[in-house]
Each structure stands twice: as C-alpha cells, then as structure tokens.
Amino acid sequence: MTFIIPSDHIELSLEQSLDHCIKCNICTTACPVSAVTDKFPGPKYVGPQAQRFRRPDQDTPDASVDYCSGCRVCNQVCPTGVHIAELNARARAQIVAQKGLSLRNRLLGHSDWIGRMGASPLAPIANMFLSNGLIRMITEQVIGIARHAPVPAFSRYTFRSWFKHRSAPTAKGTRKVVYFHGCATNYYEPELGRIAVEVLEHNGFEVILAKQGCCGLPLLSNGAFADAQKYHEYNVQQLLPYVKQGIPIVGTSTSCTLTLKEEAPDLLGLHSDEIKLVAENTYDIFEFLRLEHEQGRLDTNFRPVALTLPYHPPCQLRAHRIGRPALDILEMVPGLRLLESTSPCCGIAGTYGVKREKYEIGMAVGAGLFDFVQRSGSDLALCDSETCRWQITHGTGVTSKHPIEILHRAYGLASPSTGG
Amino acid sequence: MTSRMIVIGAGLSGLMSALALAEAGLRPLLLAKGYGTTYWTGGTIDLLASRRYPNMPLHTALTHLIVAQPEHPYARMELDGIAAAVDRFRTLTKAAGYPYVGGLERNVVLPTALGALRPTALLPATMAAGDVRLGGEILIAGFHELRDFFPPMAAANLQAQHIPARGVYLTLPDGYQRHDYSPRSFALWFEQPNFRQAIGQQLRTLRGTATRIGLPAVLGLRDPLGVVNDLQQISGAQIFEIPTLPPSVPGMRLMNIFHQAITVAGGRIQIGSEVRRGLGAEGVLTHIFSEAAAREQRHHVAACVLATGGIAGGGISTDFRGTVHETALNLPLHAPESRQAWFASRFLHTEGHPIFSAGVPTDDQFRPLDSTGHVVYANVMVAGSALLAGDPVEDRAVSGLALTTGWHVGTLLATSLPAQLAT
Ligand SMILES: Cc1cc2nc3c(=O)[nH]c(=O)nc-3n(C[C@H](O)[C@H](O)[C@H](O)COP(=O)(O)OP(=O)(O)OC[C@H]3O[C@@H](n4cnc5c(N)ncnc54)[C@H](O)[C@@H]3O)c2cc1C
Ligand code: SF4
Ligand code: SF4
C-alpha cells in the first residue's frame with residue numbers, strides 16, 4: 001500500500017517550518033508526554049529534528065513519534081512557529097501508510113461504526129457488555145484497549161432521532177445555523193445536543209440538522225489519512241450548500257470543529273475553495289456566542305447560578321487559538337465562578353489514552369488536572385471536549401459536563417426531558 | 001468584554017505590563033506567539049553594565065546614562081521608575097518563594113557555565129553564593145548526562161582568572177537512567193528527596209577544601225530554595241546555581257510565577273496567538289487580529305502594550321531584501337539603512353552588531369512615533385526589547401530594560417486611562 005503524503009503548498013510550509021527551529025528546546029520543556037515517559041523523546045527530536053531524515057521512499061527513522069498524543073502544546077509555546085504537531089501527525093501517517101493500521105486503531109478511528117452499533121434501545125445490554133470486567137480484560141489482551149480506560153455509555157436513542165421527532169421543532173426564523181453534533185453527541189450524549197439546540201433557539205436561531213458524518217479526527221490521529229479524507233470530503237459536500245447561503249456551522253465538540261476548520265485541511269493538504277469556505281464558516285459554540293455578544297445580539301439576561309466550578313480548556317480548544325470563549329461568556333453569569341485549569345492536557349487526547357500501551361502515560365499526563373479538580377471540592381467539572389470529560393470523570397470520580405449546560409441553566413431553560 | 005486592554009508578548013516586559021494592568025483591575029488579555037526569551041536567559045536581571053560607566057555604583061551609572069541619553073527609556077522612567085519596577089519584581093518573587101537579591105546598589109559578578117564572569121543587578125537567591133567576591137575555593141559539579149555544562153572547563157577558566165576552582169562530574173543514582181536528558185528532567189528529579197539525598201552525599205564526598213559548590217541551574221521548579229537548603233545541609237558547603245544553556249529552568253520558574261499572579265489578579269494569558277496586524281482610526285488603535293485556526297481572531301482594543309521583543313523575540317523581523325519590520329502592528333522602526341549595515345565586521349565585535357539596536361522610537365510616554373515625530377497610536381505603548389534603546393546588548397541593559405519598562409508602561413497605562421475602562 002502506498003499513500004502519498006500531499007505535496008501542496010501547506011506541505012511545503014510545514015517542511016519549511018522546520019528550518020525555523022532554532023533548537024531552543026522550549027517545546028521540550030512544555031510537552032506533557034515527554035515529562036512522564038522515557039518512551040517519547042519530545043517534540044524537538046521527533047518533530048523538526050527527525051523530519052530531516054524522513055523521505056517518502058525510505059523507512060521512517062524512529063517509531064517513537066507514535067507516542068506523540070497530538071495535544072499541540074508544543075506548537076503553542078514554540079517562539080518561532082514550527083508546526084511540530086503537524087509534522088508528527090504526518091510522520092505517523094507515513095508509518096501507517098508503510099506498515100498498515102492495526103485492527104485496534106481501525107476500530108478506534110471509526111467512532112461512528114461503534115456508535116451506530118451501540119446506540120439503540122438495546123444500549124443497556126451493550127453497556128453491560130462493555131462494563132464487564134472479564135470482557136474488558138479480553139479486549140485488552142486481544143485488541144489492545146486498556147481495560148481501565150474510560151469508555152462512554154451508549155445512549156438508548158440518537159440525537160438525530162430525537163431532533164427529528166421532537167414535539168416542538170425549531171421555529172422558522174431568518175437567522176439560521178447548522179448544528180454539527182459529532183459522533184459523541186449523537187450516540188452517547190444526545191442530551192448535550194438538545195441543550196445546545198435550546199440555547200441557540202433561545203437566542204433566536206433556527207437550527208438546521210444537516211447530514212453529516214464523523215469529522216474524521218479519530219482517523220487522522222491514528223494516521224489513517226486516506227480514510228479520514230473520505231469523511232472530510234463527505235462533510236464538506238453536505239455543509240457547503242449551507243455556508244454558500246451564509247449559514248454558519250456551529251458545533252459543541254471542540255475537536256470536531258477544529259477538524260473542520262484546520263486539522264483535516266492542513267494534515268490532508270486539502271485547500272480547495274469549497275473546503276476553505278466550510279472551514280472559515282465553522283465555529284465552536286462558545287466562539288459563535290461570543291461573536292454574537294460582540295454584535296450585541298446575545299441574550300445576557302442571566303439568572304444567577306451560584307456555583308464555583310473547575311473548568312478545563314481542553315487541548316483541542318486551545319488549538320483553535322481563540323482564547324477561552326466559554327469563560328468570556330460565562331463570566332457574565334451572576335454568582336458563577338469558574339476556576340481555570342492550567343494543566344496542558346487531560347491525557348486522553350482523543351483515543352490515545354485508551355490504548356493499552358498508552359493508558360498509564362495518559363493517566364500520568366492527567367494527574368495534575370485530576371488533582372486540580374479534586375482539590376476544588378466540586379462535584380461537577382466543565383470541559384468543552386467529550387473524551388476529556390470522560391477522562392476527567394474516570395480520573396476523579398467527578399461528573400463532567402460541557403459548559404453550555406451551565407449557560408442553558410442560566411437561561412432558565414426547561415429541565416431535562418427524556419428523549420425518544 | 002467587548003473592548004479590552006491587550007498586551008502583546010509573553011517575555012518579561014509583557015508579563016510585567018500584564019501584571020500591572022491586572023492588579024489595577026483592568027483584566028488584560030495577554031496574547032503571544034510563543035514563550036518569550038525568558039526561557040532562554042539565565043534568569044538574572046541585567047539592568048546596566050556598560051563599559052562606558054566602569055567602577056561605580058549601579059545607580060550612579062544609571063544616573064550618568066539618564067543624563068547622557070535623555071531619550072533612553074531609562075531616562076524617561078527616571079531612577080524612581082526603575083526602582084519601583086525592581087521593588088515590585090522583588091516582592092512578587094519573594095511572595096512566590098523564589099526571592100531575588102541585589103538591586104540598584106551594585107552589580108554582582110557571577111560565574112557562567114563556561115567559567116567566564118558576568119555582572120548582573122538582580123539574581124535569584126539560589127545563585128547568590130556564586131558571587132565571586134565571596135572568596136574561597138569553588139567546586140563546580142555537573143553531570144555527563146546534562147549537555148553543555150562542563151565542570152572541568154568552567155573550573156579551568158575560573159582558575160585562569162585567579163579564582164580557585166575544581167570541576168567534577170557527579171554520578172546519576174540508580175534508577176535515573178534515561179534515553180535522553182534535559183534540564184527539565186533534572187529539575188523534576190531534584191524535587192524528589194531521595195535524589196537530593198544521593199546527590200548531596202556525593203557532593204559531601206567530593207567537596208574537599210571547597211566552601212562553595214556551583215551546580216547547573218536545574219535545582220527544582222517549585223521550591224528551588226528548599227532544594228538549595230537541603231543540599232547545603234547534606235554537603236556542608238554553600239550551594240549556588242549556574243545558568244545553563246536553554247531551556248532555562250529559572251525562566252520556567254519565572255513564567256509559572258507570572259502566570260499565577262496575572263491570572264489570580266484577573267488577567268488572561270493566550271499563548272500560541274501571533275498578532276498579525278492592527279487596525280486604527282484617527283491615531284487610535286481599534287482592533288488587532290491574531291492568527292487562529294481557519295480565520296483570524298479579532299480583538300477590540302481599549303489600549304495596547306506592544307511587548308514583542310526584538311530580533312530574538314520575534315517582534316522585529318528582517319527579510320532577504322534588507323527590510324526590517326515590526327511584526328505585530330507594523331509600527332515604524334529605527335533600523336540600519338541597508339543590509340550591509342546590519343553587522344559589524346567580526347562576529348564577536350566589541351561594538352556589537354547594529355541590527356540588534358533596531359527598535360520602535362517612542363515619545364516620553366512610550367507611545368510609538370512615526371518618522372515625522374508624531375504619535376502613531378495614542379492608546380499604544382511600547383515596552384522591552386521592541387523599544388529603541390541605544391545599544392542594549394553593549395550596555396547589558398537587556399532583561400532589566402524589559403522588566404522595568406514593562407512595569408512602568410503597565411502602570412502608566414493603568415493611570416492614564418479613562419476611568420470607565422476600569423471595571
Ligand atoms: C539566548 C538569549 C539569552 C539571553 N540571556 C540573557 C541574560 O542572561 N540576561 C539578560 O539580562 N538578558 C538576556 N537576554 C536578553 C533578554 O532575554 C531580553 O532582552 C529580554 O528578556 C526581552 O524581553 P521582552 O519582554 O522585551 O521580549 P521577549 O522575551 O523577546 O518576548 C517577546 C514576546 O513577544 C512574542 N511575540 C513576538 N512577536 C509577536 C507577534 N507578532 N504577535 C504576538 N506575539 C509576538 C513572543 O512570542 C514572546 O512571547 C538573552 C536573550 C537571548 C536570546
Ligand atoms: S520550541 Fe520551536 S524552535 Fe524551539 S526547539 Fe522546539 S521546535 Fe525548535
Ligand atoms: S503534540 Fe503534545 S505530545 Fe505531541 S510532541 Fe507536541 S506537546 Fe508533545
């Protein structure tokens with residue numbers, strides 16, 4: 001199998017960005033993975049340094065790059081703008097292209113397959129199956145998914161089925177948004193989707209449910225670029241008609257929105273006008289609400305929410321490079337105090353921390369965050385990314401929610417209903 | 001929330017500005033492309049050590065400079081302004097358990113990792129026992145595994161300068177072997193009592209007649225003073241840190257301290273966001289745009305501190321045509337006319353290289369000026385290495401300049417702003 005690493009202008013700028021590396025090692029001091037394991041030599045070595053020895057027609061010099069979690073902390077701190085995490089992701093793809101994708105990583109990469117199998121009225125049975133210790137042990141031995149790793153529970157209904165059958169459909173309005181729910185909301189957390197829809201509708205938007213597939217991030221981060229490209233192209237095709245009418249795409253999964261905006265186009269080297277248009281019109285939900293507020297259009301008539309909660313901005317949100325939009329909005333809610341975590345990563349990094357050989361590393365990376373959450377004494381933590389929420393709960397026993405749920409509460413919107 | 005106090009740059013100048021603004025209740029947003037040169041420097045604060053003002057107290061030298069160069073940033077702050085910034089920095093680091101010593105009295109001369117001697121105004125207490133005036137034999141100790149720190153060479157160079165010194169290598173205790181080592185690995189290990197105990201014992205054995213022991217500046221991240229105390233107890237000698245090559249553990253400690261202080265005071269820090277351009281009207285900066293995924297992030301500006309550093313920090317950039325430009329807001333610069341004039345004839349020229357003196361010219365309130373001497377933006381102030389400041393490298397007015405101008409500009413902005421901005 002040969003997979004051609006794209007040779008476009010972004011690829012060129014990626015390659016050239018390694019010439020900006022001045023070997024200062026700032027990235028090495030910031031990488032949360034190399035801090036806890038000797039298996040990973042750090043961003044500078046596997047990124048700009050090893051890249052000089054990677055040629056399409058040669059074996060890759062070092063397999064340790066597979067231990068990069070893709071958290072992108074290195075990119076943010078690098079003073080000269082080297083795209084280290086992208087270099088690493090492409091290097092992993094080169095290894096996968098040469099050696100193939102393991103069954104485990106293929107499964108983890110297709111979160112939509114698994115979701116489709118599990119999210120049904122039979123979910124309780126599937127969940128029992130997944131929480132069975134013996135089965136988890138066998139899965140660890142045979143497939144390589146760590147037996148203690150956090151796996152979410154399937155929902156008995158999907159978000160899409162709820163949306164289609166709900167009793168009070170969205171009012172037709174002049175201002176519309178397309179909601180990108182992602183796999184997690186559809187199969188595991190449909191409640192979150194309902195809440196997001198209600199917050200958007202409360203602010204006068206008609207919410208459209210476009211056809212959509214998995215964003216492809218789990219495949220990208222497992223190095224399966226060719227498969228990821230199919231998903232991305234499908235999504236662009238589905239979303240394009242809306243953005244062409246000026247309708248923005250808004251998502252609650254900060255990793256899905258990042259993938260639509262940047263990860264997929266950059267890593268896959270896809271830069272057609274269509275792909276760019278979709279990217280430029282995709283927003284993380286709080287980013288979108290913050291822009292609404294800047295235009296004076298956001299309803300800021302909040303009820304007090306007397307809570308002090310730990311908030312973890314996940315690495316995928318930081319990678320948007322848009323600051324802390326959830327904090328910017330929620331700091332207007334009377335009585336609410338959010339404690340911002342400064343931990344670089346929770347350790348799960350999508351599917352990284354569920355892998356047998358990486359589970360311990362992920363838990364060690366997240367230790368600082370777990371400690372922060374536990375010391376807050378709160379029984380609720382907030383985080384914009386689903387896999388990170390599951391990891392936080394796994395590491396602390398504390399329930400984790402998307403910050404939009406607090407905004408929903410501040411608007412005094414209806415209490416949770418059961419889906420159907 | 002809609003318009004904000006913005007600081008661009010996370011070096012010492014930006015951090016000091018953001019701290020001043022946050023403490024004034026102005027909730028600044030600090031945007032930076034990456035970490036500043038703080039991660040590269042030795043962690044000492046060099047205010048002034050110019051060959052033009054030899055053999056005199058530091059404050060006298062500063063006074064001379066203030067008189068001789070009335071347009072120098074130091075002259076615009078005056079001695080009081082400099083002292084106020086130094087005071088704030090000392091109380092900040094002291095409160096964080098990482099106190100700095102020194103001040104405007106005199107420069108302390110410290111040994112470098114090469115065994116050269118280097119004057120500085122402010123130094124972490126963990127480096128204080130390195131003061132060459134203290135006398136006695138010095139033992140320099142390091143690890144083969146920690147690159148670019150060669151105790152025998154440092155000792156030989158000190159000896160050549162008539163300072164009695166010996167260099168030895170320590171052995172990593174069992175269980176600490178790795179594929180690779182960085183200053184951070186050592187810093188994390190020194191936080192473990194067992195590691196300290198093992199190293200302290202070796203130092204005790206190797207000490208001989210030495211009264212002071214110099215170690216690479218990797219003695220822990222959170223409580224280096226505690227590590228120094230422990231090692232002193234065990235080894236029976238005074239311990240001091242010597243700055244390593246980058247990455248700098250003292251710089252990491254400072255960054256942590258500032259991060260904590262700024263966020264506790266209500267500021268926000270956003271790293272990984274390069275500012276690409278600004279937009280203004282009628283002499284006022286209204287918006288800036290930072291690089292982000294898929295599209296720029298737009299920020300509404302109430303007022304702004306430009307603290308983007310010089311050539312090293314990325315605030316000033318050059319290209320092959322010989323153009324020199326300011327990277328964030330494209331402010332006018334003073335720089336050598338042509339590419340030929342950037343460099344002196346020799347690499348280690350005593351006069352330094354002209355290009356490193358490039359900077360943004362400002363008025364007495366640190367506001368940027370154009371070539372006709374008019375203020376470009378009335379709500380922008382410049383601090384740190386981005387400033388036009390004579391020849392900072394030659395004057396050794398480097399991190400000291402960043403620290404003092406950063407604080408000064410932050411307080412100036414906080415007091416000169418219309419009251420409605422303070423929420
Ligand atoms: C290797 C090295 C060693 C040094 N050692 C010492 C020493 O031992 N003692 C000493 O006194 N001085 C030393 N210096 C000098 C000293 O570090 C600097 O003079 C001083 O710290 C500069 O601080 P600053 O805040 O002005 O800028 P910097 O520390 O340069 O920080 C600039 C900041 O601005 C950001 N930035 C730049 N452009 C943009 C943009 N367009 N948008 C957003 N952000 C931007 C950067 O990412 C960075 O965060 C050393 C310098 C270097 C390079
Ligand atoms: S931080 Fe950037 S410049 Fe420094 S070593 Fe890492 S990649 Fe290179
Ligand atoms: S992306 Fe994260 S894990 Fe990978 S090298 Fe960068 S900092 Fe380390």
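A cavity is a set of points, on a 1 Å grid over the protein atoms alone, where a 1.4 Å probe fits but cannot get out. By this rule the count in the structure comes to 3 cavities of 30 Å³ or more, where a volume is the space filled by probe spheres set on the points, and grid points are joined across faces, edges and corners. This is a predicted model, in which local features need pLDDT of at least 70 and side-chain atom pairs count only at pLDDT 80 or more, while totals for chains, interfaces and linings use all residues. Residues are numbered from 1 along each chain as its sequence is written, chains are lettered from A and ligands numbered from 1 in the order in which they are written, and side-chain values use heavy atoms, with hydrogens and water left out.

**Largest cavity**

- The largest cavity has a volume of about 170 Å³.
- It is lined by 17 residues, and the closest to its centre are A:Asp328, B:Arg4, B:Leu29, B:Gln297 and B:His299; a lining residue has an atom within 4 Å of a point.
- Two or more lining residues each come from α17 (285-294) of chain A and from β1 (4-8), β11 (268-271) and β14 (297-306) of chain B. Helices (H or I, at least four residues) and strands (E, at least two) are DSSP runs, numbered from the N terminus.
- The largest share of this lining, 4 residues, belongs to β14(B).
- By type, the lining holds 4 nonpolar, 6 polar and 7 charged residues. Nonpolar covers Ala, Val, Leu, Ile, Met, Phe, Trp, Tyr, Cys and Pro, charged covers Asp, Glu, Lys and Arg, and the others, Gly among them, are polar.

**A sheet in chain B**

- Four strands form an open sheet in the order β8-β7-β9-β10 (chain B), with parallel pairing; two strands pair if DSSP finds at least two bridges between them.
- β8 (165-170) and β10 (238-242) of chain B are the edge strands, each pairing on one side only.
- Strand β7 (residues 138-143) of chain B is joined to β8(B) by 6 bridges, and B:Phe143 has B:Leu170 in β8(B) as its bridge partner.

**Chain A overall**

- Chain A has 22 helices and 8 strands.
- Its radius of gyration is 21 Å, close to the 22 Å that the globule rule gives for 420 residues, so chain A is as compact as a globular protein of that length. The radius is taken over C-alpha atoms, and the rule is 2.2 Å times the number of residues to the power 0.38.
- The C-alpha trace of chain A spans about 60 × 50 × 40 Å along its principal axes.

Note on methods:
1 Å grid on protein atoms, 1.4 Å probe; cavity = no way out; pocket = protein on both sides within 12 Å on 5 of 7 lines; lining within 4 Å.
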